[in-house]
Amino acid sequence: MQGHRPPGRARRVMKIGIIGAGNIGGNLTRRLTALGHDVSVANSRGPHTLKALAEETGATPVTVTEAARDAEVVVITVPVKAVPDLPSGLLDGAASGVAVIDTGNYYPRERDGRIAGIEDEGLTESRWTERQIGHPVVKAFNGTFAQDILERPRPAGDPDRMALPVAGDDEAAKRRVRDLIDALGFDTVDAGGIDDSWRQQPNTPVYGLRAGAGAVAGALAEASPERTPEFRG
């Protein structure tokens, strides 16, 4: 990673939309606003339910249809089963070259039910999500504990700095996401394209791993593409 910036300072201000205000979305809202970014946040229940988060962080509560407007980065952090319910044309008003982060995980038995594209076609979870929203995504934060986003940032070069795997086909979008994660206080490991993102899906060695770049790269290499029975619908 370049430089030795402290995790509290961003390279430049960006307009960022966050769709989903659960544990991951809420904590990303907290950190990204603290870095000085212009953050809009939305959930399925409406802006009025985000008043407390907005007052705490300075983020702007919006509807889902407004979240991506003019955004350079959009974070989609909703249950996988809810992705098809996102508004059509969600990203039409986003900035040119918008980087879309997908944090989602497929839990067929616990939450999402059986999704044929994932189970029968063998699509990775994020490739399936791309097809639903009609835009390339960068898979990141899907195996990160939400509290770690607040509690475990470290400066570049710190021996205890965690690394996160990042997968995506659009190299420019992936670089933007990796730079943003660096500014948040974490290293990154390039996990390949979206068709390789099975390496960081649930029940793989890297999922939930709190470790540095070397260990994360090793865990990605050890992953198996076979979906275990508990993660099949």
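A cavity here is a set of points, on a 1 Å grid over the protein atoms alone, where a 1.4 Å probe fits but cannot get out; its lining residues have an atom within 4 Å of a point.

You are looking at a predicted model, where local features need pLDDT of at least 70, side-chain atom pairs count only at pLDDT 80 or more, and totals for chains, interfaces and linings use all residues. Residues are numbered from 1 along each chain as its sequence is written, and side-chain values use heavy atoms, with hydrogens and water left out.

**Stop one: the cavity.** Select its lining: A140, F141, N142, G143, T144, A163, L164, P165, Q200, V206, Y207 and L209.

**Stop two: helix α9.** Now select residues 213–222, helix α9 (a DSSP run of H or I, at least four residues; strands are E, at least two). V216, A219 and L220 are buried here (under 20% relative accessible area; exposed is over 50%, partly exposed in between, with a 1.4 Å probe and protein chains only). They sit on the same side of α9 because they cover an arc of only 100 degrees around the axis, taken from the directions from the helix axis to the C-beta atoms. Turn to the face away from the buried side for exposed G214, A221 and E222.

**Stop three: R199.** Finally, pick R199, in the loop between β8 and α9. R199 is partly exposed, at 25% relative accessible area. Beyond neighbours within four places in sequence, R199 is in contact (heavy atoms within 4.5 Å) with T204, V206, L220, A221 and A223.

Conventions. On a 1 Å grid over the protein atoms alone, a cavity is a set of points where a 1.4 Å probe fits but cannot get out, and a pocket is an open set with protein on both sides within 12 Å along at least five of seven lines; lining residues have an atom within 4 Å of a point.
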